[in-house]
Amino acid sequence: MKKYVCVLCGYEYDPEAGDPDSGVPAGTSFADLPDDWTCPLCGAGKDQFEEV
């Protein structure tokens with residue numbers, strides 16, 4: 001699965017790890033994240049992420 005990075009703060013979303021603190025289980029692709037999911041570091045929306 002492809003990784004995505006927040007252009008504002010550099011946080012990297014790794015689908016293999018998910019985002020357990022936000023209730024996103026490991027194995028969740030970026031495309032399958034909820035529309036209201038935000039960067040756990042800076043709060044940026046999904047539109048502020050780019051594929052790595």
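This is a guided tour of one predicted model, stop by stop.

Local features are reported at pLDDT of at least 70 and side-chain atom pairs at pLDDT 80 or more, while totals for chains, interfaces and linings use all residues. Residues are numbered from 1 along each chain as its sequence is written, and side-chain values use heavy atoms, with hydrogens and water left out.

**Stop 1: aspartate 19**

Select aspartate 19, in the loop between strand 2 (12-13) and strand 3 (49-51). Strands are DSSP runs of E of at least two residues, numbered from the N terminus. Aspartate 19 is buried but has no salt bridge. Buried denotes under 20% relative accessible area, exposed over 50%, and partly exposed the range in between (1.4 Å probe, protein chains only). A salt bridge requires a side-chain nitrogen of Lys or Arg within 4 Å of a carboxyl oxygen of Asp or Glu. The nearest side chain of opposite charge belongs to lysine 46, 12 Å away; Lys and Arg count as positive and Asp and Glu as negative, with His and the chain ends not counted.

Next, display serine 22, whose side chain makes a polar contact of 2.8 Å with that of aspartate 19. Such a contact is a pair of N or O atoms within 3.5 Å; within protein, one must be able to donate a hydrogen and the other to accept it, and residues adjacent in sequence count only if both atoms are side-chain atoms. Beyond its neighbours within four places in sequence, aspartate 19 is in contact with Tyr11, Tyr13, Val24, Trp37 and Pro40, where contact means heavy atoms within 4.5 Å.

**Stop 2: the aromatic rings**

Rings of Phe, Tyr and Trp (its six-membered ring) pair if their centres lie within 6.5 Å; planes under 30 degrees apart are stacked, over 60 edge-to-face, and the rest tilted. The count by this rule is seven aromatic pairs. Select tyrosine 13 and tryptophan 37, an edge-to-face pair with 5.5 Å centre to centre and 65° between the planes. Tyrosine 13 belongs to strand 2 and tryptophan 37 to the loop between strand 2 and strand 3, 24 residues apart. Both tyrosine 13 and tryptophan 37 are buried.

Move to phenylalanine 30 and phenylalanine 49, a tilted pair at 5.5 Å centre to centre and 40° between the planes. This pair links the loop between strand 2 and strand 3, which holds phenylalanine 30, to phenylalanine 49 in strand 3. Phenylalanine 30 and phenylalanine 49 are each buried. To display one aromatic cluster, select Tyr4, Tyr11, Tyr13, Phe30, Trp37 and Phe49.

**Stop 3: the salt bridges**

How many salt bridges does a search of the whole structure find? The search finds three. Select lysine 2 and glutamate 51, whose closest N and O atoms are 3.7 Å apart. Lysine 2 lies in the segment before strand 1 (4-6) and glutamate 51 in strand 3, so this pair ties together parts 49 residues apart in sequence.

Then select lysine 3, which forms a salt bridge with glutamate 12 (3.8 Å, N to O) and another with aspartate 14 (3.9 Å, N to O). Through shared partners, Lys3, Glu12 and Asp14 are joined into one network. Lysine 3 is partly exposed at 34% relative accessible area, as is glutamate 12 at 36%.

Technical notes
Helices (H or I, at least four residues) and strands (E, at least two) are DSSP runs, numbered from the N terminus.
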